Amino acid sequence: MKKIIIIGCPGAGKSYFAKKLHKITKIPLYHLDMIWHKPDKTHISREEFDKILENIFLKEFWIMDGDFSRTMERRIQACDTVILFDLPYEICMQGIKEREGTKRDDMPWEIATADDMLLNEVNNYIPNKIPKVYELLQHYKYGREIIIFKTRNEAEKWLSEI
């Protein structure tokens with residue numbers, strides 16, 4: 001477990017888990033939201049983002065936290081471990097609500113309230129995106145460890161055992 005991606009629906013707890021995994025393993029952690037977004041709520045170009053990812057891929061160890069569908073296949077190809085949070089809609093929405101009004105170190109701004117774009121992402125994730133994630137994982141299952149959490153308790157238990 002040297003090159004790890006953590007994927008799943010917004011609000012599932014990916015960033016929280018990634019920070020805990022980083023603290024335990026000391027593997028460098030990269031929050032994709034911090035790479036993609038600028039503090040003024042704009043973002044860098046796709047080309048610049050892809051170049052940064054490619055540079056991270058060259059490192060011996062890394063944890064990448066974030067779903068980012070456009071680059072998911074490339075990140076799966078580059079990693080040796082995939083951690084998928086496949087949690088129910090209600091749990092993800094609870095996670096979104098819990099982070100409103102907080103300053104987080106995995107986003108370059110405070111999330112005052114969930115915006116329509118984020119809520120649409122959560123609403124569309126389970127019916128539309130999760131089947132595609134499972135297809136990718138099936139395609140790239142050889143040579144990678146794939147860990148799927150269906151509850152936050154499963155994730156916490158796994159962390160306590162590594």
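Trainee: What should I know before I start?

Mentor: This is a predicted model, so local features need pLDDT of at least 70 and side-chain atom pairs count only at pLDDT 80 or more, while totals for chains, interfaces and linings use all residues. Residues are numbered from 1 along each chain as its sequence is written, and side-chain values use heavy atoms, with hydrogens and water left out.

Trainee: What is the strand order in the open sheet?

Mentor: Some terms to begin with: strands (E, at least two residues) and helices (H or I, at least four residues) are DSSP runs, numbered from the N terminus. Two strands pair if DSSP finds at least two bridges between them. Here, five strands line up as E2-E3-E1-E4-E5, with parallel pairing. Strand E2 (29-31) and strand E5 (145-149) sit at the edges with a single partner strand each, so one side of each has no neighbour in the sheet.

Trainee: How many bridges join E4 to E5?

Mentor: Five bridges link strand E4 (residues 81-85) to E5, and the two run parallel. Take Thr81: its bridge partner in E5 is Glu145.

Trainee: Which strands does helix H3 touch?

Mentor: Contact means heavy atoms within 4.5 Å. For directions, axes are lines fitted to C-alpha atoms, for helices over the stretch in contact, and angles run from 0 to 180 degrees between N-to-C directions. Helix H3 (residues 46-57) packs on the sheet and touches strand E1 (3-8), E2 and strand E3 (62-65), with its direction at about 150° to that of E3. Helix H7 (residues 152-161), in turn, lies across E4 and E5 and runs at about 135° to E5.

Trainee: At what angle do H1 and H7 pack?

Mentor: Helix H1 (residues 14-25) packs against H7 at about 5°, with the axes 10 Å apart. On the H1 side, the contact residues include Phe17 and Leu21; on the H7 side, Trp158 is one of them.

Trainee: And what about H3 and H4?

Mentor: H3 and helix H4 (residues 69-78) pack at about 15°, with their axes 11 Å apart. H3 is therefore roughly parallel to H4. Among the residues making this contact are Phe49 and Leu53 of H3 and Arg70 and Arg74 of H4.

Trainee: Which residues have the most contacts inside the largest nonpolar core?

Mentor: A nonpolar core is a set of buried Ala, Val, Leu, Ile, Met, Phe, Trp, Tyr and Cys residues joined through side-chain atoms within 4.5 Å. Buried means under 20% relative accessible area, exposed over 50%, and partly exposed in between (1.4 Å probe, protein chains only). The largest core has 47 residues, and Ile6, Phe17, Leu21, Ile83 and Phe85 have the most contacts inside it. Helix H6 (residues 116-139) gives the most to this core, seven residues. Leaving out residues up to four places away in sequence, Ile83 touches partners including Ile6, Phe17, Leu21 and Trp158.

Trainee: Where does Lys26 lie?

Mentor: Lys26 is in the loop between H1 and E2. Its phi is near 65°, a positive value in a residue other than glycine, and at 63% relative accessibility Lys26 counts as exposed. Phe68, in the loop between E3 and H4, also has a positive phi, about 40°, without being a glycine. Phe68 is partly exposed, at 21% relative accessible area.

Conventions
Angles under 35 degrees count as roughly parallel, over 145 as roughly antiparallel, 65 to 115 as roughly perpendicular and the rest as oblique.
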